[in-house]
Amino acid sequence: MCSILGIVNENGKLFSANYIIEGISLMNERCNGLGGGFAAYGLYPEYKDYYALHILLKDVELKDQVTEMLKDYVNIYKDEEIETRNVERIPQDYTPWRFFVDVPERYTNDADNYIIDLAMKINSTGGALVISSGKNMGVFKAIGYPDEVAKLYKLDNYKAYMWLAHGRYPTNTRGWWGGAHPFSILDNSIVHNGEITSYGTNKRFLESYGYKCSYFTDSEVLAYLWDLLVRRHKLPIELASEVLAPPFWEQIERMPPERRRIIEALRMTYGPAMVNGPFGIVIANGSGLTGVAGNGTMVGLSDRIKLRPLICARKNDTTFMASEESAIKAVCKNPDNVWAPRAGEPTVAMVNGDV
Amino acid sequence: MEMYSSVPEFRVVIDRQACRLCKRCIENCSFGALEWRDNKVKAFDDRCVACQRCVSMCPEDAIALRRMPSVMSAHPIWTENARRDVFTQSRTGAILLASTGNELHERVIFDNLLLDACQVTNPAIDPLREPIELRTYIGRKPRFVELEELGDSVRLKTELSPALRLEIPIMIAQMSYGAISLEAHEALARAAVMRGTTMGSGEGGLHKKLYPYADHIIVQVASGRFGVHPAYLKAGAAVEVKIGQGAKPGIGGHLPGTKITEEISEARMIPIGADAISPAPHHDIYSIEDLAQLVNSLKEATRYKKPVLVKIAAVHNVAAISSGICRAGADAIVIDGFRAGTGATPKVIRDNVGIPIELALASVDQRLREEGIRNETSIIASGTIRNSGDVAKAIALGADAVKIGTAALIALGCTVCKRCYTGKCAWGIATQEPELRSRLDPVEGAQRVSNLLLAWSIELKEILGAAGINSIESLRGNRDRLRGYGLDHTTLEILGVQPAGS
Amino acid sequence: MRIVADYKHYKQLNEEVFQAVQAGVAELTLEDVNGQRFIADCLTGKLKIDIYGTPGNDLGMFMDGPTVTVFGNAQDGVGNTMSSGKIIIHGDGRDILGHSMRGGKIFVHGDVGYRVGIHMKTYKSNVPIIVAGGHAGDFLGEYMAGGMIIVLGIHNSAKKSEILGDWVATGQHGGAIYVRGNVDESKLGNGASQFPLTADDEIAVKKVLKEYCQVFGLDLESVVDSEFTKIAPLSHRPYAALYTSE
């Protein structure tokens, strides 16, 4: 299900949302108007030391309740309603709010996990959904086609150095705001095309590491798996990709010995984290992640037998990853290079500039 | 190693007094169960499949078939069937093949549903004298109709989507030429024309003999794309994308090369004698948006003039999948329940995968209504529709129409001997052997299928009349006119049906 | 006739093409194409369609006759279930190119993606042909039931060291794949094997490559000046022993 697009400037230069909106809209044929969303990195340079929580409130009155709850756990530096405008086809099911918070000093050692726990607590209250929780980034999503969602959130007012976009065609869960993509946890955001067949296995595996899967969608599971592998278990991106989309045993047997030992160990250890069935994903990491070089990355990956498309392109210092080449061409008519990455082989773009 | 092999299921009993040694039974037995030995007919019980061909062909009524008394010791779990399967597989190391539908789950929910009738408070209608309508349109319906005023007159502004017009809400299912004989295919096509309904080409293309009936044929596009070309797509009354079938959800198919005769090779457009392999998925559909792409490619190919149907097997998540199919632009969704028949399927899949059509149908209809898109697609139910009562109950649960496969073949002479996969059908239906095929007369066969459809139509009108309903639309989704009897609470809840007596 | 596709929806673009063809136009140029699907879907007859830009998925699906030339890359599903005609791509092709194709030719200058030529079939004089100038992804010629695929590995935009991916010709039960250079046995899927080229093979390959080289302005001799490997099925009935009954 769905269309995906990621654009990143590797020097950390900010650019307007218009590019990503135009690109993702070209693939409206791949979605059905039941979900669209964006993740943007470099949004809040003034507040880049604070966790930016984007929270959807089922009812605006919940705001006080959420504020009270946040106050128990974190320091709220600032909060405001995320500006929206009326868009005809989008039902006003939620009011989006942003909070800039930091973690009390005694918890700063483990601030990331502290924020994840907090997000999961808020999510389990019902009525309020934390849709992103990283620093200097945010997620905007709702029911609707991606261009409608962009209009709703007045995205043309925002600039970022890394954007993800998603147009949804839901199959297993109904179309609702919370079910739209990207899925985000801390500085990881993910957009996903496909329907994985290993959901139950992956979910129960994650639960044994303390994750709570509350959105019933594949993409949430992918976001948490990536968080577990890259942030918590500190696997390099290339090897984390081998966990999600591992080679077949017969391919492993043909590898050079040392490589083979590593891949075998990964498969044996992380068997339940293997993502089966079709997927094409683009994952964005913001700055400040342990175990990841540079100031952020964008990773594109498809499943190990390439059941979903993924096309990449580069133009100067900008990298594009998309479901269809035409989406890239819509915003970059003459890329320097266009290529189709191999199944299960990650395409990585690093942000090296100062962001 | 000496091993016990198998116990014959049947015994052929020949009345030696009555037998006049005409050998007709031997000529007619396509399974080789009867041979001429020592100047008399000798029966080989282990080859008999009880197809009844010899019984009906014997001019002296000298043959009878008996079920073998079991010689194995009884065990409630290790049934004779279970043991027989293990023996066979330990000998061959291969997948067990089976024909027809699920044999493991005997319970049919339709049998626990009861229809309603009028008494006193409103009148029943006499269908023999008063009009009762069965006409059904299969296809996308607009949510509302828009009109345009032109001076004093009004004009229809809404453009209706192409729809299939059926005179009866009973269609003949998709069975391929290759799985069944050309004669059977032709008989079904003729019957569809006679009764104003449709039959399905199946996935084996369309023999040129069938093209004259193509406006009553839904041409299928399955994963093997056999015989799919511009003329085929343009000839059909509608196009059906087969994703799966109830007897083998998620499984591809192999028509063995031995069955690819010259004529089949022509219809399928593949070489004679080569296996015809239908992949498990469509390799251009790995995701729901790809289905939308195939649906739209077919609409483009037919210049938006024909409805496009999508057929799936009833699997666990059928309601959500159907919602996606509807949003992919399918004009109708065909849901094939887990008891649906087939010519050949791995037995383990046939007996263990999927869910009953009654539950699937009810949950799909409900889900599409909840999402406000029920008008955007028609629902066609199939997989054990055995009589007009099943038709009425399926429609009351929410189907727009039903499809029949096995019932239509029984009308052609099939005795459900469950050996379609052997290609030796003694009745000329599931076979490509010229001698066997010649046993089925397409014209006569068409008449019998047509008779069946006529009989069910009259019965449907009786059912409607008794319920005080004079058009099939008023039964569609009318679950108030159903009651459950002997069904548990959860099942009733999924069916959306009250228990009898409430 | 020239049609500027620009941001038109495919329905509109294809309707314009269809109307033009109905009106007797035999040569069309589509400019600024970007992502429009189903171009030339089910079109029949001797048409010539030139496409500038990136046409969308299922280009030339069910097509029966026309010659379509793409000046750029194509997306997934080129020539899906196509009956006859020719599709020329001056850039790369992507996944399932030539899916269930039963006739005609697809010539790609550069790389092709995954599952190319999957379930291609031959029927009588209809012999589908795919030639890729670059690299081919995994599952090339899966279930291949007929026709010819040639992979040259000479215009390799992805700079892959290997011409072929894995599981080549898995389930193949007809047709042949010709690869310029050697193929490691481990690349082959179930059902396929390597064979030396017969004289007939060499003639057939050369004939196709002659046309391919003309189309792309290549020197035929330098293309055929290399050993080719033939991959063909071990059996036309690979699954004959898979099933049993009582």
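Two strands pair if DSSP finds at least two bridges between them. Helices (H or I, at least four residues) and strands (E, at least two) are DSSP runs, numbered from the N terminus. In strand E11(C), the bridge partner of Ile177(C) is Ile231(C). The model is predicted: local features need pLDDT of at least 70, side-chain atom pairs count only at pLDDT 80 or more, and totals for chains, interfaces and linings use all residues. Residues are numbered from 1 along each chain as its sequence is written, while chains are lettered from A and ligands numbered from 1 in the order in which they are written.

The predictor assigns the complex an ipTM of 0.84 and a pTM of 0.87. Its confidence in each residue is the pLDDT, from 0 to 100. Chain C has a mean pLDDT of 93. In that chain, 97% of the residues reach 70 or more.

Chain C contains an open sheet of 11 strands. Their order is E1-E2-E3-E4-E5-E6-E7-E8-E9-E11-E10, and the pairing is mixed. Strand E1 (2-4) and strand E10 (192-195) of chain C stand at the edges. Each has a single partner strand, so one side of each is left without a neighbour in the sheet. On average, neighbouring strands of this sheet are turned by 15 degrees against each other, direction ignored. Here axes are lines fitted to C-alpha atoms, for helices over the stretch in contact, and angles run from 0 to 180 degrees between N-to-C directions.

Strands of a sheet pair through backbone hydrogen bonds, either parallel or antiparallel. Strand E9 (residues 174-180) of chain C shows both senses. E8(C) and E9(C) run parallel and are joined by five bridges. Within E9(C), Val179(C) is the bridge partner of Val151(C). E9(C) and strand E11 (residues 228-233) of chain C pair in the antiparallel sense, over four bridges. There, Tyr178(C) has Lys230(C) of E11(C) as its bridge partner. A residue is buried if 20 or more other C-beta atoms lie within 10 Å of its own, exposed if 12 or fewer, and partly exposed in between, with C-beta atoms placed from the backbone. Seven of the seven residues of E9(C) are buried, so the strand is largely enclosed by the rest of the structure.

Helix H2 (residues 199-216) of chain C lies across strands E5 (84-89), E6 (105-108), E7 (129-132), E8, E9 and E11 of chain C. H2(C) runs at about 60 degrees to E8(C). Arg115(C) is placed in the loop between E6 and E7 of chain C. Its phi is positive, about 55 degrees, although the residue is not a glycine. Arg115(C) is buried, with 29 other C-beta atoms within 10 Å.

Chain B has 15 helices and 23 strands. Of its 502 residues, 53% count as buried. A compact globule with 502 residues would have a radius of gyration near 23 Å; chain B has 24 Å, which agrees. That radius is taken over C-alpha atoms, and the globule rule is 2.2 Å times the number of residues to the power 0.38. Asn39(B) lies in the loop between strand E2 (34-37) and strand E3 (40-43) of chain B. Asn39(B) has a positive phi of about 60 degrees, yet is not a glycine. With 6 C-beta neighbours inside 10 Å, Asn39(B) counts as exposed.

Contacts between chains were then examined. Two residues are in contact if their C-beta atoms, placed from the backbone, lie within 7 Å. Chain C gives 42 residues to the contact with chain B, and chain B gives 35 residues. On the side of chain C that touches chain B, helix H1 (10-22), strand E8 (145-151) and strand E12 (243-244) of chain C give two or more residues. This side has 15 nonpolar, 18 polar and nine charged residues. Ala, Val, Leu, Ile, Met, Phe, Trp, Tyr, Cys and Pro count as nonpolar, Asp, Glu, Lys and Arg as charged, and the others, Gly among them, as polar. Strand E5 (residues 95-98) of chain B pairs with E12(C) in the parallel sense, over two bridges. Leu96(B) stands opposite Thr244(C) in E12(C).

Chain B also meets chain A, with nine residues of chain B in contact with 14 residues of chain A. H8(B) gives the most to the side of chain B that touches chain A, with four residues.

Note on methods:
pLDDT is the predictor's confidence in each residue, from 0 to 100.
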